[in-house]
Amino acid sequence: INALKREITDIRLTERELAEFRDLANALNYTDTADSYGHVTGKIIAADNSNYFSTFTINVGTESGIKEDDVVVSGNGLVGRISETGNGYSKVTAVIDDNINISFQVERNMSILGVVSGDGEGGIEGYTLDG
């Protein structure tokens with residue numbers, strides 16, 4: 001989906017606008033974060049049976065380069081963090097789990113740092129750190 005969204009954006013931009021953006025990115029030494037992280041796609045193959053499932057297993061693991069503490073995202077944002085991995089599987093602790101804390105940095109203002117964690121009721125709460 002993200003690749004198709006990028007394709008639509010690229011088509012809508014004129015060649016001149018695209019050249020201006022590239023010149024600006026080069027002048028600012030911008031590095032696309034998507035280029036610096038590997039992406040692996042997986043499917044949920046098992047989940048705990050609680051009302052708000054806070055742990056689940058996906059069908060990719062060490063053979064795909066997955067490591068403990070890697071983050072898990074979907075097209076809608078942060079999902080959780082890898083808590084255990086092996087050949088062909090990884091266990092994910094969802095961001096709604098009340099035993100997890102995940103730090104973040106706001107992309108549009110990199111000086112904003114914070115932490116999100118599960119609230120124990122299927123939601124999340126968080127705070128920002130004073131910088």
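Biologist: What is the order of the strands in the open sheet of 5 strands?

Modeller: The order is β1-β2-β5-β4-β3, and the pairing is antiparallel. This is a predicted model, so keep that in mind throughout.

Biologist: Which strands are at the edges there?

Modeller: β1, residues 44–47, and β3 are the edge strands, and each of them pairs on one side only. The twist from one strand to the next averages 35°.

Biologist: How many bridges are there between β1 and β2?

Modeller: There are 3 bridges, in the antiparallel sense. As one case, Ala46 has Thr57 in β2 as its bridge partner.

Biologist: What holds paired strands together in general?

Modeller: Strands of a sheet pair through backbone hydrogen bonds, and the pairing can be parallel or antiparallel.

Biologist: Now the open sheet of 3 strands. What is its order?

Modeller: It runs β6-β7-β8, again with antiparallel pairing. β6 and β8 are at the edges with a single partner strand each, so one side of each has no neighbour in the sheet. On average, neighbouring strands of this sheet are turned by 25° against each other, with direction ignored.

Biologist: How many bridges join β6 to β7, and how many join β7 to β8?

Modeller: β6 and β7 are joined by 5 bridges, while β7 (residues 113–118) and β8 (residues 124–129) are joined by 6. Asn101 stands opposite Ser117 in β7, and Val116 has Gly126 in β8 as its bridge partner.

Biologist: Changing topic: how many salt bridges are in the whole structure?

Modeller: A search finds 2. One is between Arg81 and Asp69, at 3.7 Å from N to O. That pair links distant parts of the chain, 12 residues apart: Arg81 is in strand β4 (residues 77–86), and Asp69 is in the loop between β2 (55–58) and β3 (71–74).

Biologist: And which residue forms a salt bridge with Lys67?

Modeller: Asp70 does, and the closest N and O atoms are 3.5 Å apart.

Biologist: Which residues gather in the patch of negative charge on the surface?

Modeller: Asp98, Asp119, Glu121 and Glu125.

Methods
Residues numbered from 1 in each chain as written. Predicted model: local features only at pLDDT ≥ 70, side-chain atom pairs only at ≥ 80, totals over all residues. Heavy atoms only, no water. Pairing = 2+ DSSP bridges. Helix = DSSP H or I, 4+ residues; strand = E, 2+ residues; numbered from the N terminus. Patch = residues over 30% accessible without salt bridge, like charges linked within 9 Å, V, L, I, M, F, W, Y side chains within 5 Å. Areas by Shrake-Rupley, 256 points an atom, 1.4 Å probe, with all protein chains shown as cover. Salt bridge = Lys/Arg side-chain N within 4 Å of Asp/Glu carboxyl O. Lys, Arg positive; Asp, Glu negative; His and termini not counted. Charge placed at Lys NZ, Arg CZ, Asp CG, Glu CD. Axes fitted to C-alpha atoms, helices over the stretch in contact; angles between N-to-C directions.
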